[in-house]
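Reader: Hi! I'm new to looking at structures. Could you walk me through this one?

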Amino acid sequence: MREPLSVAKVPRRSYWMKWCAAGFMILFLAMPRGAAGQETAAFYKQNCYSCHTIGGGRLVGPDLKNVTTRQDRDWLARFMLNPQAMIDRGDPYAKQILEESRGVVMSQVAGLTRERANALLDLIEAESALEKSQFEGVKFSDRPFTSQDVERGERLFKGVESLKNGGPSCISCHTVRGLGLLGGGRLGVDLTKVSERVGGRKPLSAWLVSPATTTMQPVFKENAMEAEEILSLVAFFEDAAKQVGDDDSVAPLTFFLMGLGGMVLVLGAFDIIWKNRFRAVRRPLVAGGQMGTRV
Amino acid sequence: MDVRSQIAMVFHLDKCLGCHTCSIACKNIWTDRKGTDYMWWNNVETKPGTGFPTKWEDQDKYKGGWVKKDDSINLKSTDKKRIVLNIFHNPHMPSMDDYYEPWTYDYQNLFNAKEGPDQPTALPISKITGEQIDIESGPNWDDDLGGSPIYAKNDPNLEGLTEQQKQQLFAIERLVFFYFPRICNHCLNPACVASCPSGAIYKRGEDGIVLVDQKKCRAWRSCVSACPYKKTYFNWHTGKSEKCILCFPRVETGQAPACFHSCVGRIRYLGVLLYDADRIEEVANLPDEELIEGHRSLVLDPHDPEVIAAAQRNGVHDSVIESAQNSPTYKFVKEWRIALPPHIEYRTMPMLYYVPPMSPVMATQEGKTINHVSDNLFHDIDEARVPVKFLANLFGAGHEAKVVYALRKSKAVRWYRRAVTVGDVSMEDAKKMLGAADCTVEEAEEIYKLTSLCTVEDRYVIPPAHREEAIEMIEDPHCHRQSVGFGFVSGPRRGA
């Protein structure tokens, strides 16, 4: 559930902002839940938290502490609004960020406006000034993974054990190589090497706390995963990446061959079920008559 | 006793000359519409031959009719379970090739062809695809034994003939054949009606004509596979099944059906039979050899006061009963017993009967004289060019007795009339033959009259339909008169 609304949490910059924020509040109250208007801190938690910390070190994306001193606000706002465009335009700093993030492009943030970007930067500035930000990042247990963790992770992934807070299991959209013949869903990306892609245990765990992509956010917003579940899943993902190693074999081919085999089986079954069906009479008769002896 | 009336038919095969006029008359009236090109509600087949569709009598392939199983009979093509499981794919549908691909000719080519060394020809074009085709088959492809080494040799009725008989049948200069005109039999136990999942086919209460309701038909086509005579056809244009309607609009107005009316050889007879509907199931379950007698026993004597009373109780109009009393079919079927149902072993209880044909007379040669007379007066039946076994397969469920009975009687009547008019055989011999053939002089005269001197009124005794009374039950006849006409009020449409 959202926190009770309070104007106090919005940094005061001007009367105009205040009234604007108040306007947003009213709008938000008037609109059904899940609509665009959100309070900045909640918005941050929802959209930024999984990849960025403020003073907690880098996750998938860089630590945002004092980010406003590294680049000017206008640049930052533009980047936040459309990261891909900045990279495509060949902005050197944007490219540097991309490199540091091992090629993971910041995903487009749903419902982000110029005003909200500014509000977020205000929030980051304010939080950076504090000694210990509330967005320093979640603390995860860093105990070594056991085989039980991996097993539980697999069960959670496959949906054999359902997620406590009611989120859908990963397999409905994602697959991991080695799941068996049919694999998992193909809607989302292949998660076999996700732990390598996002840079290990910590960023992956942070990501799972509140997944921020446009597809996953609405799904997990209301039913976030628990810390223990995240731990198990991360263990499973790390294990999966290790199991596969550098093997890049094409999973779609097996899927295609299975489809082909299945079709042959079904057609064969039809042939057997309807083995007594009507077949041509006249043509075989004529063909047979010509070959047979004449009277 | 549940007495009902049925318009029944007799075809006298001895008189059929195979001219196909009946087929053309029917075609012109009923099946010259799009989608019906390949249908022949009436067709004439050459026997021995495979008929139309090719080898329709081979029920191992076509799965038509009923089969006896334990205490009851079941449809061969389907049952309640199978009809559901196969509803979207009827596995026993004849293919178009087993009928034939309907075609026309490219007549325009005769006028539009470019100048060249050859005369332009009108090439055949498929009526299905519009493309040029090689004609491979037609509705009477094996007419007059055409292609007999292929077609006639594969006639299913040759089953059970000895090798010698088969060879005789096809020996050069001894070839023999007869014609077998066929329409819907308007059966008492119709397999098409039983198989229809939509309940679109029904047997009319008043005269037993079997009809397909064009509004109810849903194109499942189970009737096509269920009918052992292959007399329901699927109209690929309207998506409905169609079949012979016994020209009911003509019959209802006192006219004979078109194929009857146009018959050149006057082989066709039509009249009412009263039958006992209560016993149909019992009779359809009889063993093969008792089927013909059982089937005959369903037909009731229209002069019997008990039958008349029961018919009246059932709402059969007095004029229909009177019509039944004058029915020529009753005489052929019940009194003289020389008309037999085709393939009664399919157990549909057909209401179209055939008088089996006589083969050409077998002659013996003594020196230079050819003698047609033998000491054995019925020698040409026992040693006929068409073996009795063949006719028995067609009209006697494989049993010869009933067929021989009919043939002997026909033969005896012939000899009797020969003795009367020509006088080259003695009346003594003729009477001996009549006696042996279970026939009296009076009966022979009657058979002779109805066979040779019959007028239209003798051949077609059509019961009054009393449509004027029927319509009174629904609406004011004067209003009805202004709202009807020829053709569909609204044509049949797919899915409608």
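Reader: How many residues of chain B are in contact with chain A?
Author: In this predicted model, 16 residues of chain B touch 12 residues of chain A.

Reader: And what classes are they on the chain B side?
Author: On the side of chain B that touches chain A, six residues are nonpolar, five are polar and five are charged.

Reader: Okay, switching to chain A. Which domains does the assignment give?
Author: The assignment gives domain 1, covering 7–129, and domain 2, covering 147–244. Their contact takes 13 residues from domain 1 of chain A and 15 residues from domain 2 of chain A.

Reader: What about helices H17 and H19 in chain B, at what angle do they pack?
Author: Helix H17 (residues 401–422) and helix H19 (residues 441–452) of chain B pack at about 95 degrees, and their axes are 10 Å apart. So H17(B) is roughly perpendicular to H19(B).

Reader: Which residues make that contact?
Author: H17(B) brings Ala412(B), Val413(B), Tyr416(B) and Arg417(B), while H19(B) brings Ala444(B), Ile447(B) and Tyr448(B). By class, that contact has six nonpolar residues, no polar ones and one charged.

Reader: Do E1 and E12 of chain B run parallel or antiparallel?
Author: Antiparallel: nine bridges join E1 (residues 3–12) to E12 (residues 268–276) in chain B. Val10(B), for instance, stands opposite Tyr269(B) in E12(B).

Note on methods
Residues are numbered from 1 along each chain as its sequence is written. Chains are lettered from A and ligands numbered from 1 in the order in which they are written. This is a predicted model: local features need pLDDT of at least 70, side-chain atom pairs count only at pLDDT 80 or more; totals for chains, interfaces and linings use all residues. Axes are lines fitted to C-alpha atoms, for helices over the stretch in contact, and angles run from 0 to 180 degrees between N-to-C directions. Helices (H or I, at least four residues) and strands (E, at least two) are DSSP runs, numbered from the N terminus. Angles under 35 degrees count as roughly parallel, over 145 as roughly antiparallel, 65 to 115 as roughly perpendicular and the rest as oblique. Two residues are in contact if their C-beta atoms, placed from the backbone, lie within 7 Å. Ala, Val, Leu, Ile, Met, Phe, Trp, Tyr, Cys and Pro count as nonpolar, Asp, Glu, Lys and Arg as charged, and the others, Gly among them, as polar. Domain bounds come from an automatic or database domain assignment. Two strands pair if DSSP finds at least two bridges between them.
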